[in-house]
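This report goes through one chain for a reader new to it.

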Amino acid sequence: MLKFVKGYMESIEGVATYPMISLIIFFAFFMILGWWVFTASKSYIEEVSELPLDKDNQQNNLEI
């Protein structure tokens with residue numbers, strides 16, 4: 001089965017560009033995500049990390 005797929009893929013012209021494009025997209029995504037993690041404000045990170053423990057938020061969810 002794998003030989004069939006490999007043989008079929010080799011017959012497609014320019015098929016080698018698709019893995020490179022996907023690698024660039026994933027690399028760019030993780031670089032942007034890493035940049036956001038290091039530049040995010042500490043107050044925002046603390047606010048978001050306390051959301052699951054917020055009693056007012058839990059009570060509002062129960063009322064809905």
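## A loop and a charged patch

Glutamate 50 sits in the loop that runs between α3 (42–49) and α4 (55–63). The model described here is a predicted one.

Glu50 also belongs to a patch of negative charge on the surface, where it gathers with Glu46, Glu47 and Asp54. Glu46 and Glu47 fall within the numbering of α3 (42–49).

## Overall make-up

The chain contains 4 helices and 0 strands. Followed along the sequence, its pattern reads α-α-α-α.

Of the chain's 64 residues, 2% count as buried. The chain exposes about 6,500 Å², and 70% of that area is supplied by carbon and sulfur atoms.

## Aromatic pairs

How many aromatic pairs does the chain have? The count comes to 2 aromatic pairs, taking rings whose centres lie within 6.5 Å. In one of them, the ring centres of phenylalanine 29 and phenylalanine 30 are 5.2 Å apart and the ring planes stand at 75°, so this pair is edge-to-face. Planes over 60 degrees apart count as edge-to-face.

Tryptophan 36 and tyrosine 44 also form an aromatic pair, with 6.4 Å from centre to centre and 80° between the planes; this pair is edge-to-face.

## Exposure of the paired rings

Are the residues of these pairs buried or exposed? Phenylalanine 29 has a relative accessible area of 47%, so it is partly exposed. Phenylalanine 30 has a relative accessible area of 52% and is therefore exposed, because the cut-off for exposed is over 50%.

Tryptophan 36 is partly exposed, at a relative accessible area of 41%. Tyrosine 44 is partly exposed as well, with a relative accessible area of 41%.

Notes
Residues numbered from 1 in each chain as written. Predicted model: local features only at pLDDT ≥ 70, side-chain atom pairs only at ≥ 80, totals over all residues. Heavy atoms only, no water. Patch = residues over 30% accessible without salt bridge, like charges linked within 9 Å, V, L, I, M, F, W, Y side chains within 5 Å. Areas by Shrake-Rupley, 256 points an atom, 1.4 Å probe, with all protein chains shown as cover. Salt bridge = Lys/Arg side-chain N within 4 Å of Asp/Glu carboxyl O. Lys, Arg positive; Asp, Glu negative; His and termini not counted. Charge placed at Lys NZ, Arg CZ, Asp CG, Glu CD. Helix = DSSP H or I, 4+ residues; strand = E, 2+ residues; numbered from the N terminus. Phe/Tyr/Trp six-rings, centres within 6.5 Å; stacked < 30°, edge-to-face > 60°. Buried < 20%, exposed > 50% of the residue type's maximum accessible area, 1.4 Å probe, protein only.
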